[in-house]
Amino acid sequence: MDEGLKSELQKQGIFVTSLEELYNWGRKNSLWPLSFGLACCAIEMIAASMSRWDLARFGAEVFRPSPRQADLMIVAGTVTKKMAPQVVRLYNQMGEPKYVIAMGACAISGGPFKQGYNVLKGIDRYIPVDVHIPGCPPRPEALLHAFITLQQKIAAQELTGPGRARHLDAGAPGEYPVPQFGEHDLLPPKNPDVWQPPVPAHT
Amino acid sequence: METLEEIKTRVEAGIPGARLHIFANESPSAQRSLLVGNSHALSVAKFLRDDPHLRLDYCSNVTGVDWPESELTEKVKVKKLVDGEEKEVEETKKTVRPGFLEVVYHLYSIEKRHGPVILRLRTENRTDKASVPSLTPIWRGAEFQEREAFDLYGIVFDGHPDLRRILMWDEFKDFPMRKDYVEPDDYEYEPTPHDEVLERAQEHQAQAAGS
């Protein structure tokens with residue numbers, strides 16, 4: 001619908017909307033995060049949910065202790081290789097629609113522990129991540145920014161057609177393989193369906 | 001607190017057969033330690049804990065050290081016949097020191113408010129005879145730290161009540177803190193490589209291009 005006409009009608013007290021917009025508006029304003037902290041980033045996440053930054057303003061104050069009741073996984077902190085299978089399993093247990101924010105340098109790339117033997121080089125090697133936040137740790141404002149970015153992403157999702165949201169596409173994958181503990185590393189070390197190494201700019 | 005020499009003399013007098021060696025430290029801290037043979041380690045530890053003057057009742061830290069096999073070079077002056085004349089000539093002598101693993105215990109006394117006394121135990125080698133007696137029966141607090149040393153260095157503690165890996169998963173086979181540990185080749189994406197990482201990343205790229 002034409003934006004100008006819509007705004008003109010709004011001035012007359014008539015709200016016109018589409019089902020898609022209404023549906024996305026409802027979803028984006030009640031994201032329930034999984035209460036889930038792995039390291040120091042979790043402290044910033046807790047701070048963001050408390051009165052000073054007040055995540056509740058964005059409809060995301062209800063941190064759920066069960067993956068069945070959560071829409072959003074905030075991977076806040078270092079994902080060790082020992083913890084990675086559990087993170088993927090929790091993600092698999094969440095009901096659709098589900099989203100992932102990878103918070104902090106460790107969760108997006110391994111961060112300062114990237115060359116360590118025990119830390120996963122980014123959770124996006126196993127599960128699809130919607131928003132990455134850099135920082136060590138990111139300030140609560142950065143988490144709020146990631147939230148708003150995710151809300152915009154949800155608002156732009158289509159309900160029908162070939163580019164429709166994943167949870168409305170029966171053929172789209174909802175579960176991802178859980179890595180196994182190997183003798184030297186996790187098996188497989190990455191899920192190639194989710195993550196492929198970017199081509200480095202300088203070679 | 002007594003000096004390390006006094007402790008050594010008293011321990012050797014108190015426990016027949018025990019031989020301690022004072023391990024020098026050339027770093028600025030000059031913190032010396034006591035090297036104990038494995039056969040008497042338990043009784044020496046018990047002595048240090050129960051002796052009324054020492055009462056080292058608190059084991060604050062247990063850690064491992066990896067000493068891989070290394071070649072030591074020494075310069076030795078040797079008398080030699082050079083052009084019919086006897087002269088002193090410097091020669092370099094090379095000796096191979098076999099590798100071993102070491103466990104270091106830092107002991108304090110809460111009661112007497114002194115410490116630390118540092119105790120070292122050595123394994124025979126790094127492969128099949130990598131064991132030392134566990135001191136968990138003496139200091140219960142050493143339990144998890146000995147498990148950590150077992151996990152990351154592969155030091156086997158005889159007499160430990162529950163010797164399992166503590167940080168890595170049970171299926172893991174390597175000992176990551178050993179100097180010859182090679183981490184899995186996951187260098188496919190290094191945005192800002194330098195030094196060792198750059199080398200590993202280049203190796204990986206070359207391998208990926210070859211296959």
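Modeller: B:F144 counts as partly exposed, because it has 14 C-beta neighbours inside 10 Å. The scale works on C-beta atoms placed from the backbone: 20 or more others within 10 Å make a residue buried, 12 or fewer make it exposed, and anything in between is partly exposed. B:F144 sits in helix α3 of chain B. Helices (H or I, at least four residues) and strands (E, at least two) are DSSP runs, numbered from the N terminus. From B:F144 to B:R165 there are 21 residues in sequence, and the C-alpha to C-alpha distance in space is 9.6 Å.

This is a predicted model, in which local features need pLDDT of at least 70 and side-chain atom pairs count only at pLDDT 80 or more, while totals for chains, interfaces and linings use all residues. Residues are numbered from 1 along each chain as its sequence is written, and chains are lettered from A and ligands numbered from 1 in the order in which they are written.

Now the helix itself. α3(B) covers residues 142-153, so to speak of its span: from the first C-alpha to the last the 12 residues reach 16 Å, close to the 16 Å expected at 1.5 Å a residue. The expected span is 1.5 Å times one less than the number of residues. Most of α3(B) is covered, with 10 of its 12 residues buried. An α-helix has 3.6 residues a turn, so residues three or four places apart point the same way. Just after the helix, B:G154 has a positive phi of about 80°.

Two strands pair if DSSP finds at least two bridges between them. B:L35 stands opposite B:R120 in β7(B).

Strand β4 (residues 70-82) of chain B and β5(B) run antiparallel and are joined by 13 bridges. B:L81 stands opposite B:E86 in β5(B). Between the two strands are 2 residues, and B:D83 in this hairpin has a positive phi near 55°. Of the 13 residues of β5(B) (85-97), the number buried is 0, so this strand lies largely in the open.

Next, the other chain. 14 residues of chain A are in contact with 14 residues of chain B, where contact means C-beta atoms, placed from the backbone, within 7 Å. Chain A has 6 helices and 6 strands, and 34% of its 203 residues are buried. Its C-alpha trace spans about 65 × 40 × 40 Å along the principal axes.

Chain A has an open sheet of 4 strands in the order β1-β2-β3-β4, with parallel pairing. Its edge strands are β1 (33-34) and β4 (131-133) of chain A, each with pairing on one side only. β1(A) is joined to strand β2 (residues 72-76) of chain A by 2 bridges, and A:L34 has A:M73 as its bridge partner in β2(A). α3(A) packs on this sheet, touching β2 and β3 (99-103) of chain A, with its direction at about 135° to that of β2(A). Such angles run from 0 to 180 degrees between N-to-C directions, with axes fitted to C-alpha atoms, for helices over the stretch in contact.

Finally, helix α1 (residues 3-11) of chain A is hardly covered, since the count of buried residues among its 9 residues is 0. After α1(A) comes A:G13, with a positive phi near 85°.

Key. Contact = placed C-beta atoms within 7 Å.
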